[in-house]
Amino acid sequence: MTQAALESPAEGGETAATSRRFLVYRGDSNDGQMVEYSVPTLEGMVVLDAMHWIQAHVDGDLAVRWNCKAAKCGSCSAEVNGTPRLMCKTRVDVIVGDIWVQPMKAFPLIKDLVTDVQWNYEVNREIPPFTPPADVPSPWRVQQQDVERLFEFRKCIECFLCQDVCHILRDKNEKARYYGPRFMVRQAYLDMHPMDVRDRTGQIKDESGIGMCNITKCCTDVCPEHIHITDNAIIPLKERVVDEYFDPLLWAARRIRGRRQKKRPSSR
Ligand code: SF4
Ligand code: SF4
Ligand code: FES
């Protein structure tokens with residue numbers, strides 16, 4: 001949005017709207033405060049536009065991470081009036097009253113609205129990559145229902161809003177024991193992929209800490225891609241862990257076989 005668009009009536013009769021009061025966190029990990037800004041608004045304006053207006057006209061050193069302004073890069077995550085949101089997808093005109101903009105709480109603060117999300121990439125590296133069978137020739141044939149189920153998980157834009165809202169990471173800071181909902185989505189994608197032959201249930205149970213999730217569904221509520229994180233990823237993974245480790249009949253069968261059965265492709 002240009003300065004001219006904010007200051008003068010737009011072509012076609014649209015008029016400049018009133019100003020809105022923003023309270024934006026300014027500071028670093030040592031010290032900070034909420035700073036008040038009055039920002040002129042136009043119809044369709046999003047919170048990221050307001051941050052850009054502040055950068056252009058008041059405080060050029062306001063730190064904001066963004067890239068696409070199209071809700072696809074996952075960079076502009078922040079907390080708007082206490083809720084984790086993409087700033088580029090949050091319209092100003094749907095918010096009543098003052099607009100509070102703060103950095104994600106679950107990750108270390110770098111400056112202003114920019115947090116250090118490096119931990120997420122470290123978790124990602126702990127998850128073994130897609131592992132197809134060596135003895136199945138391509139092209140693979142995959143059932144349509146598998147394609148549709150996996151497509152939902154592939155929509156993730158790695159905004160980490162779900163990680164930010166999850167109380168295990170946010171309030172208890174149990175990052176050493178729980179991978180968080182984003183990585184339950186990734187593990188569900190891999191574990192449910194019919195051409196992935198790696199047995200992942202042990203890592204899902206132990207290193208991932210899936211037992212810590214108590215299905216509050218807060219992660220699902222904030223996902224901008226509307227991925228059903230709890231219903232379609234976490235709960236099925238929990239069921240697989242229960243089947244494999246806590247079902248007495250399956251446990252006895254494994255003891256008789258002497259080893260865990262390796263997963264095989266369901267369709268070829
Ligand atoms: S459902 Fe589980 S992963 Fe999602 S926010 Fe709640 S505790 Fe965290
Ligand atoms: S699952 Fe949703 S909220 Fe979590 S990182 Fe992916 S897109 Fe963002
Ligand atoms: S700027 Fe890319 S998701 Fe908001």
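Me: How are H4 and H7 oriented to each other, roughly parallel or roughly antiparallel?
Reply: Keep in mind that this is a predicted model. Helix H4 (residues 144-154) packs with helix H7 (residues 181-192) at an angle of about 155°, their axes 9 Å apart. Angles over 145 degrees count as roughly antiparallel. So H4 and H7 are roughly antiparallel.

Me: By class, how many nonpolar residues does the contact of H4 with H7 have?
Reply: On the H4 side we find Arg-149, Leu-150, Phe-153 and Arg-154, and they meet Val-185, Ala-188, Tyr-189 and Met-192 in H7. Of these, 2 are charged and no residue is polar, which leaves the nonpolar count at 6.

Me: Which strands stand at the edges of the open sheet, each with a single partner strand?
Reply: Let's read along the sheet: its 5 strands have the order S2-S1-S5-S3-S4, with mixed pairing. Each edge strand has a single partner, so one side of it is left without a neighbour in the sheet; those strands are S2 (32-40) and S4 (83-86).

Me: Which strands does helix H2 touch as it packs on the sheet?
Reply: Start with S1 (residues 19-27) and S2, which run antiparallel and are joined by 9 bridges. Helix H2 (residues 47-57) packs on the sheet, with its direction at about 95° to that of S2. The strands it touches are S1, S2, S3 (77-80) and S5 (99-102).

Me: Which elements give two or more residues to the shell around ligand 1?
Reply: There are 13 residues around ligand 1, and Cys-166, Pro-181, Cys-213, Thr-216 and Cys-219 come nearest. The elements that give two or more are helix H9 (218-222) and helix H10 (229-246).

Note on methods:
Residues are numbered from 1 along each chain as its sequence is written. Chains are lettered from A and ligands numbered from 1 in the order in which they are written. This is a predicted model: local features need pLDDT of at least 70, side-chain atom pairs count only at pLDDT 80 or more; totals for chains, interfaces and linings use all residues. A residue is near a molecule or strand if its C-beta atom, placed from the backbone, lies within 6 Å of it. Helices (H or I, at least four residues) and strands (E, at least two) are DSSP runs, numbered from the N terminus. Two strands pair if DSSP finds at least two bridges between them. Two residues are in contact if their C-beta atoms, placed from the backbone, lie within 7 Å. Axes are lines fitted to C-alpha atoms, for helices over the stretch in contact, and angles run from 0 to 180 degrees between N-to-C directions. Angles under 35 degrees count as roughly parallel, over 145 as roughly antiparallel, 65 to 115 as roughly perpendicular and the rest as oblique. Ala, Val, Leu, Ile, Met, Phe, Trp, Tyr, Cys and Pro count as nonpolar, Asp, Glu, Lys and Arg as charged, and the others, Gly among them, as polar.
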